[in-house]
Amino acid sequence: MKALLLIADGLGWSDVADSNAVSPETMPFLFALARKHGVARLEASGTPVGLGDGQAGNSEAGHLTIGAGRRVPSLLETIGLAYADGRFEQSPVWRQLAGASCLHLVGLLSDAGVHGYWPNLIRAADVARRHGVEQVFVHALLDGVDSQAGTAPYLLSALLAEIDKLDGVVCSTVMGRRWACDRSGDLDVTRVLVGHLSGEHEVEAFAPARLTSFLADGGAEKDFSCHRFDGHRFVGGGEPVLLTNHRADRTEQVAQVFSEAHPVYALVELGEAVPLDRVFFPKQPLSEGVAFELGKHGIQTARVAEQCKFPHVTYFFNGFNKSLGEEAVCLPSISESAIADNPEMSAREVTGVVLKLLAEPGRRAIVANLANADQVGHTGCIDSAREAVGVVDCEIARIHASCQQHGWNLLITSDHGNADAMLDAQGRPLGSHSTNPVPLVAVLASEGSGGLVSEHGSLANVGATFLTAVGIAPPTWMEPSLILPIEQANA
């Protein structure tokens, strides 16, 4: 048996029509498959994927859960628990900062918890002061991409209120995330951020009216220019910087540029720029999961994705292991600034690689990611999102035809919602992830192999379902498969 796991990134499943780009009109082929073969609605947010209750899912949590075949506590949850029970304060990393004259905290002002979480700025400031750091300066990065657009004034007010409770802590600067979250490798973009926070460029004084008027005039939080607060302090040469984001892919460039003139500390591993003895929560790679089970049976998986989602089908799917012997194909992604005008992205190229792999004799397992619904969903433009999911639907049709031709089982799912909720309750554009469930559609090659045995589950069920589709009995510690083994279905 052989199976393809196709992850349509950011494709939630919702019955709401007005704000939903994912519909029978935009994706007629996928919905036809769902009517014919059935569809399971999988929880992809909150506690089922290791996040806080009610917290929207994200690509890291989603792919990690799928690849693990069980719920894995997220790093964000781990950090919160470590602060609550004192383990964060007891970290040996604080010995290097104890008694320092100052510490600069740089992190996303976001309540989404995808790449950063604003309470971690407060947690780090609180613990730093307990370790005798004389002054802590907070440099907040407005989100509006993962968090709901327009919420920056509220989140900034909440941050300032918490800072007021801490002696020796000052909010120093605020700036949009555009220059802080680039992952293209273009360090000149990141130098704009570091240059402003270091005082190399002129920075205006902040007033609440500046932000509200900027947003009222159609500006996006991510584009807000750098502003300084009373009592601010720019990051001086040699002064320590602690980066409070908890996902590496959009923080590594910031660490790299800051490390040129500053000792950089981080909550998570950020590559060579941050030595491991300056990392508070080093990665703990998993030692079991889908890739491990396939390896035990001598089955090499092929992984296919655009560059922007490549770590998701490799590093995250592997449980924070860089490689487990998979054959990985990474295709170029267009720049993020061009996505709104090019909703097709590189979907056709991803499909082209998948079609070649499906035709290869002896291959048994493929994991592929189509990025469009998530990346275009983040633009907040529902018309672009509708185009994007239409592209995904066309690629699913091509892939389905090839699976039928070559005798492959096809599982179609997602990692979290996004394009399924493009407007908020007031009808404003929404580019953040949703808490809606995601679909699982199983199209099995054998007529007598049956289909889904449940219409409900979570992303934790996908791992065992994939193994079953490949013909491997999943281990008992995994959440159960949502399809029956062939021999059982035919009994």
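A pocket is an open set of points, on a 1 Å grid over the protein atoms alone, with protein on both sides within 12 Å along at least five of seven lines; its lining residues have an atom within 4 Å of a point. The model is predicted, and totals for chains and linings use all residues, whereas local features need pLDDT of at least 70 and side-chain atom pairs pLDDT 80 or more. Residues are numbered from 1 along each chain as its sequence is written.

Buried residues (under 20% relative accessible area, 1.4 Å probe, protein chains only) make up 58% of the 491 residues.

Next, select Val 145, Lys 222, Glu 336, Ser 337 and His 378, the closest to the centre of the largest pocket among its 41 lining residues. This pocket holds about 1000 Å³ of space, a volume being the space filled by probe spheres set on the points, which are joined across faces, edges and corners. Coloured by class, its lining shows 11 nonpolar, 16 polar and 14 charged residues; here Ala, Val, Leu, Ile, Met, Phe, Trp, Tyr, Cys and Pro count as nonpolar, Asp, Glu, Lys and Arg as charged, and the others, Gly among them, as polar.

Then move to Ala 248, Asp 249, Glu 252, Gly 271 and Tyr 315, which lie nearest the centre of the second largest pocket, lined by 29 residues. About 730 Å³ of space lies there. Its lining comprises 12 nonpolar, 7 polar and 10 charged residues.

Terms used. Heavy atoms only, no water. 1 Å grid on protein atoms, 1.4 Å probe; cavity = no way out; pocket = protein on both sides within 12 Å on 5 of 7 lines; lining within 4 Å. Buried < 20%, exposed > 50% of the residue type's maximum accessible area, 1.4 Å probe, protein only.
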